[in-house]
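Let's take a walk through this structure together. Have a look at the picture first, and then we'll go through what holds your eye.

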Amino acid sequence: MIKISIDKAKPGMKLAQEIINDTGMIIVPAGIELTHSLIDKLARMNIDFLYVEGKRQLPPKEEVLRELEERFKKINDPQTLLIKQALKEHFEEIYK
Amino acid sequence: MNAKVVLEKIEKIENLPTIPSILRKILGIIEDPKVSLQKISDFVASDPTLTARILKMVNSPVYGFPGRISSVNHAMLILGLNALKGLLIGVSVFEVMKKNMVGLWEHSLSSAIYARIIATRKNLSSPEEISVAALLHDIGKVILLIAFKEDYEKIIQSVMAKERFLHELENEYFGITHAEVGGFVAKKWNFPLKLTEPIMNHHRPQLSKNFELETAIVHLSNILTLSRGIGYSGDIFVNPVNVSVWNLLDFKYEDIKDIFREAEDPITSSKEIFASDE
């Protein structure tokens, strides 16, 4: 899920979270695909941000792994090293 | 400097010119040990900025409540008095964090998310309270910034060159760490021990005797946030996890991976929600 401002919204994007107005009423449910007319309507209703499905751009993997090594520089105990290993595998999954 | 000098100055923090007015106002209300839920609720409701910040927080992925919480009264029903008091402090130190230590707010939010996830996995009765304790675990840093800005900034800057942990350098300079400073103000503000103990002992979790598990969770949440590289807390290097915490929580490799995985979305989206304004 990514949060975008209304001017970045494009037809075809899918809403990942419902849109709520100032009084707390749901005006568009999650799962709806955006259209030109819907985007215009939302802009007129002063909706500034919305959540759409998708992934944002990630920093280069090599950089992320290098920084991880740097952060764990002072670690040599087995427990925290296990956390490090779990995190490395987590990063591998994110970049898959 | 020694701990006594530091605490004497912090004791009178409400009178320091550097304290933001919103925080001063809130402290005036919550320091009263007999303050009622209604009084706090009325106070928050009378301040639109504060109301907006509280509602934004409780509706954010940090808490992950289903549906929308649209009033302060509703938030209070769900969170309870203690968590709400903590949250009030949390949202009101936001500006100090943003002005003085960019990244501390993100570090705090992320720790709150990990704490909620871990507390839920451990079946604790109120994950929100632990989450608030984690949100406030570094409140001592904000206090040190308000009370000793120049000295503290120098200490923070030396972390990288000296390759040390921030709390060690604090101890050498002030004779006290941000954790103990945080615990001290939390006590002064009449926070319950369930919040005070984890804040006070998040770097020395073995000292917690009443809320061992809560302290262990905040200790680990801080380490997971540092490990994942979210925000900036003044520390550059990951602190080693305390062995007694590790044994108490009894997590396996797969559990830790699941926790990282589960926290990923709430961390990214809350970062954007809170970065966009205020």
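A nonpolar core, as the term is used here, is a set of buried Ala, Val, Leu, Ile, Met, Phe, Trp, Tyr and Cys residues joined through side-chain atoms within 4.5 Å. Buried, in turn, means under 20% relative accessible area. Keep in mind that this is a predicted model.

With that in hand, start inside. The largest nonpolar core has 110 residues. Those with the most contacts inside that core are Ile83(A), Met57(B), Leu87(B), Ile89(B), Ile139(B) and Trp189(B). Pick out Leu87(B) and check its surroundings: leaving aside residues up to four places away in sequence, Leu87(B) touches Ile54(B), Met57(B), Val58(B), Tyr63(B), Leu79(B), Val132(B) and Leu135(B). There's also a second, separate core of 14 residues, with Leu15(A), Ile19(A), Leu34(A) and Leu38(A) among them.

Now move to where the chains meet. How many residues of chain B are in contact with chain A? It's 30, and they meet 26 residues of chain A. Between them the two chains bury about 2600 Å², with 63% of it on carbon and sulfur atoms.

One to find is between the side chains of Lys73(A) and Glu163(B), at 2.6 Å from N to O. On chain B's side, the elements giving two or more residues are helices H14 (212–228), H15 (243–249) and H16 (253–275). H16(B) supplies the largest share, 10 residues. Sorted by type, the residues on chain B's side come out as 16 nonpolar, 6 polar and 8 charged.

Key
Residues numbered from 1 in each chain as written. Chains lettered and ligands numbered in written order. Predicted model: local features only at pLDDT ≥ 70, side-chain atom pairs only at ≥ 80, totals over all residues. Heavy atoms only, no water. Contact = heavy atoms within 4.5 Å. Buried area = accessible area lost by both parts, 1.4 Å probe. Salt bridge = Lys/Arg side-chain N within 4 Å of Asp/Glu carboxyl O. Helix = DSSP H or I, 4+ residues; strand = E, 2+ residues; numbered from the N terminus. Nonpolar A, V, L, I, M, F, W, Y, C, P; charged D, E, K, R; others polar. Buried < 20%, exposed > 50% of the residue type's maximum accessible area, 1.4 Å probe, protein only.
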